[in-house]
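Please work through the exercises below with the sequence and the coordinates at hand. Each task is followed by a solution in steps.

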Amino acid sequence: MAKTISVINMKGGVGKTTLSFNLAFELTQRGHKVLLIDLDPQSNATIVSLSDTELAAHKASKKTMADALMHSYRPIAPIRQIMPPPLNVSEFTFRRTQVGNAYFDVIPSDLNVSAMLRSLPLGPFDLAHLLSAQVVNTYDYIILDCAPTYSTLTNMALNSSEGILIPMIADSFGVWGTNLMKEVLKDHLAEFGTGPSRIGVVFTLWEQQVNPQSCMNSIVANWGPTEVFRAKISKNNWYKIANGKRQSISQTHSTPGNEFDQFVTEFVGHF
Amino acid sequence: MPNFNDFMCELNGLPPDQRRVLEHILEGIYTLALDVEVLPEIREKRLSEIDNYLTKKAQRSKSEVVIDESEYLRFVRNSIQHGSNVSAENVDKAMPIFWRLLAKSAPEWHREHLDHLLSYTMGMPPSLMIQSDDSSGASIIRHHQKVFKGLSPEDKRRIFRDLFLSIYIRPEFQQVLGKSKRSGSRERGNEY
């Protein structure tokens with residue numbers, strides 16, 4: 001049964017997509033079945049997973065998150081409506097092959113998701129119509145790459161996830177934003193009575209200097225030792241290069257690749 | 001009580017110029033002590049002067065040790081932070097100083113934050129003692145120090161790195177380092 005994890009932070013540019021894509025890739029390399037869902041209208045996870053040609057071909061024959069939202073969102077409160085029929089997830093997934101026969105599935109996003117958001121009532125919704133029991137039983141991990149906002153999409157992710165992974169940059173804005181996430185999660189739980197039960201904060205673009213160290217201390221002190229990953233994702237240009245090539249970091253450079261591998265090990269134990 | 005020959009043996013290890021000065025001083029003291037002609041009150045006064053000098057010297061040595069401790073921690077911390085080579089011996093030497101100063105800083109800490117930081121950097125789950133209202137910062141530190149002491153030398157060094165870097169920059173710890181420095185300077189200032 002899949003563990004559904006949202007990669008989320010309301011602050012942009014913290015490495016959510018890089019983390020999501022590399023996680024999907026490395027978990028697949030370890031033999032796990034992975035579904036990566038792009039819940040961001042900016043579609044960065046889609047861009048890094050599919051080439052332009054692949055995306056065009058996918059759109060010609062299959063669907064994206066915008067279609068999923070258009071046809072089958074399910075309000076969960078205040079009045080639970082009749083459950084819409086589950087979607088056939090294979091109509092949405094793109095098979096992203098990697099080394100050997102390994103692959104993970106991706107549900108791409110596009111700008112239409114943004115248009116959908118404007119026409120959707122505020123919700124709350126979840127993704128149960130898409131992540132049916134059959135889908136959940138097919139995968140080991142379902143990773144939701146979220147948009148850097150607190151929107152209907154974020155609500156859906158929080159209502160559908162059992163865990164959230166918060167990438168953060170260890171600076172004063174990052175501390176502020178991540179502590180804000182704690183408040184958002186508290187409010188979310190109070191409002192909807194449901195939400196992720198396991199949280200993990202991971203430091204991205206990490207630099208071993210006094211100020212990041214001090215910001216990390218502040219987060220550890222506030223969040224507690226079990227909710228902050230010990231592995232850190234160092235600032236490294238190889239991530240940009242890997243993203244540009246639509247490759248994982250381990251395919252591109254061994255040093256950051258080994259570091260990311262340590263993070264994946266901790267991730268598997270954490271969630 | 002060391003005898004005169006002990007002093008002479010120690011002189012052998014000194015550089016020639018220092019040795020000459022010390023020999024001269026020791027000869028003077030020896031002569032003074034043996035001089036039967038000198039009045040008892042003068043001998044008393046001279047010995048009292050020597051005693052005062054040695055007492056002050058001992059006090060200064062003690063304050064210099066405190067200054068050295070904070071300076072030493074700063075040296076080790078900077079070496080680790082900036083990736084310089086710092087020997088295992090130097091790191092080992094910093095460990096007891098760190099724990100002693102951390103214990104001194106106990107009243108400055110928010111209990112929960114202290115427990116979180118120590119547990120995180122030592123790779124432990126949060127200690128259950130935090131749930132008890134009567135646990136103090138000092139008892140949290142003692143608990144973690146006990147765990148630390150039980151580690152192998154290799155694990156100690158590996159864990160100490162993160163532990164030390166994290167705690168060192170905290171204002172609660174810096175306050176104690178600052179106090180140590182200030183008290184050291186004050187004692188020295190009084191003397192001169």
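This is a predicted model: local features need pLDDT of at least 70, side-chain atom pairs count only at pLDDT 80 or more; totals for chains, interfaces and linings use all residues.

Residues are numbered from 1 along each chain as its sequence is written, and chains are lettered from A and ligands numbered from 1 in the order in which they are written. Local features need pLDDT of at least 70, side-chain atom pairs count only at pLDDT 80 or more, and totals for chains, interfaces and linings use all residues, while side-chain values use heavy atoms, with hydrogens and water left out.

**Exercise 1.** Determine how strand β7 of chain A is covered and which strands pair with it.

Step 1. Strands (E, at least two residues) and helices (H or I, at least four) are DSSP runs numbered from the N terminus. β7(A) spans residues 141-146, and six of its six residues are buried (under 20% relative accessible area with a 1.4 Å probe, protein chains only; exposed is over 50%, partly exposed in between).

Step 2. In a regular strand the side chains alternate between the two faces of the sheet. On one side of β7(A) lie Tyr141(A), Ile143(A) and Asp145(A), on the other Ile142(A), Leu144(A) and Cys146(A), and all are buried.

Step 3. Pairing requires at least two DSSP bridges between two strands. Strand β1 (residues 3-7) of chain A pairs with β7(A) in the parallel sense over five bridges, with Lys3(A) bridged to Tyr141(A). Strand β2 (residues 34-39) of chain A also runs parallel to β7(A), joined by six bridges; here Leu39(A) is the partner of Cys146(A).

**Exercise 2.** Describe the make-up of chain B.

Step 1. Chain B contains eight helices and zero strands.

Step 2. Of its 192 residues, 32% are buried.

Step 3. Contacts are heavy atoms within 4.5 Å. Among those in chain B with a separation of 6 or more, 62% link residues 24 or more positions apart.

**Exercise 3.** Locate Val210(A) and state whether it is buried, partly exposed or exposed.

Step 1. Val210(A) is found in helix α9 (residues 210-223) of chain A.

Step 2. Its relative accessible area is 38%, so Val210(A) is partly exposed.

Step 3. Not counting residues up to four places away in sequence, Val210(A) touches Arg77(B), Gln81(B) and Ile169(B).

Step 4. The C-alpha atoms of Val210(A) and His270(A), 60 residues apart along the chain, are separated by 27 Å.
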